[in-house]
Amino acid sequence: DSQLLEPAAAEEETQPEAAVRRGFVLYRLGANQEALTLLDAATPSDDVVDYWRSLIQGRVLLALGRQADAVSAYERASMLAPDAQTPAVALMTIFLKSGDHEQAFGWAEPARTTTENRGDSWPLYWSGYSRFLLPWLAELREFQQ
């Protein structure tokens, strides 16, 4: 339930990520217009959360039948994470389904040739704070020296 994220949404530091995660929960519950309103109002605090927001907006917009806007959201995600496979696969799929094989082939190339998960923080979405692990370790190592 998206209400479980309300405590995080009440804190200034975690509000942007909580809004994006709540938007995804609303999407999964089929409350797409509510999800879109929340995602549009979210002001991500870092590039990773902004990337997640763009990916989720793409899904929500597709569910609302707004394909052109979904393409724009996925293209934005691709600009935020140029080495990521997730937006390239989404765009390839959209264009393939719409019969635009040239565009689909264009997006298939980066999806096919990118090393798995290189530059793609979408898999980290499911791991909570694990995205901070490497910077925290680097900071700790600097402190110990």
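Analyst: Contact means heavy atoms within 4.5 Å. The model discussed here is predicted.

User: With which residues is S54 in contact, leaving aside its neighbours within four places in sequence?

Analyst: Under that cut-off, the partners of S54 are A73, R76, A77 and L80. S54 itself lies in helix α4. Another residue, Y74, stands 20 residues away from S54 along the chain, and the C-alpha atoms of the two are separated by 6.3 Å.

User: Why does S54 count as buried?

Analyst: A residue is called buried when its relative accessible area is under 20%. S54 has a relative accessibility of 0%, and therefore counts as buried.

User: What makes α4 as a whole mostly covered?

Analyst: Of the 17 residues in α4, 12 are buried. Among them are V49, Y51, W52, L55 and L61, together with D50, R53 and Q57. The elements covering these buried residues include α2 (15-28), α3 (32-41), α5 (67-80) and α6.

User: How do you know that the length of α4 agrees with its number of residues?

Analyst: The expected span is 1.5 Å times one less than the number of residues. For the 17 residues of α4 this gives 24 Å, and the C-alpha atoms at its ends are 24 Å apart, so the two values agree.

User: Why are α4 and α6 called roughly parallel?

Analyst: Helix α4 (residues 47-63) packs against helix α6 (residues 86-97) at an angle of about 20°, and their axes are 11 Å apart. Angles under 35 degrees count as roughly parallel, and α4 and α6 are therefore described in that way. The crossing of α4 past α6 is left-handed.

User: Which residues of α4 and α6 meet?

Analyst: On the α4 side these are Y51, L55 and L62, and on the α6 side T86, P87 and I94. By class, the residues of this contact comprise 5 nonpolar, 1 polar and no charged.

User: What makes α5 and α6 roughly antiparallel?

Analyst: The angle between α5 and α6 is about 155°, with 9 Å between their axes. The term applies to angles over 145 degrees, and α5 and α6 therefore count as roughly antiparallel. The crossing of α5 past α6 is left-handed.

User: Which residues make the contact of α5 with α6?

Analyst: Helix α5 contributes Q67, V71, Y74, E75, A77 and S78, while α6 contributes P87, A90, L91, I94 and F95. These residues divide into 8 nonpolar, 2 polar and 1 charged.

Technical notes:
Residues numbered from 1 in each chain as written. Predicted model: local features only at pLDDT ≥ 70, side-chain atom pairs only at ≥ 80, totals over all residues. Heavy atoms only, no water. Axes fitted to C-alpha atoms, helices over the stretch in contact; angles between N-to-C directions. Helix = DSSP H or I, 4+ residues; strand = E, 2+ residues; numbered from the N terminus. Parallel < 35°, antiparallel > 145°, perpendicular 65-115°, else oblique. Left-handed = near helix turned anticlockwise from the far one by under 90°. Nonpolar A, V, L, I, M, F, W, Y, C, P; charged D, E, K, R; others polar. Buried < 20%, exposed > 50% of the residue type's maximum accessible area, 1.4 Å probe, protein only.
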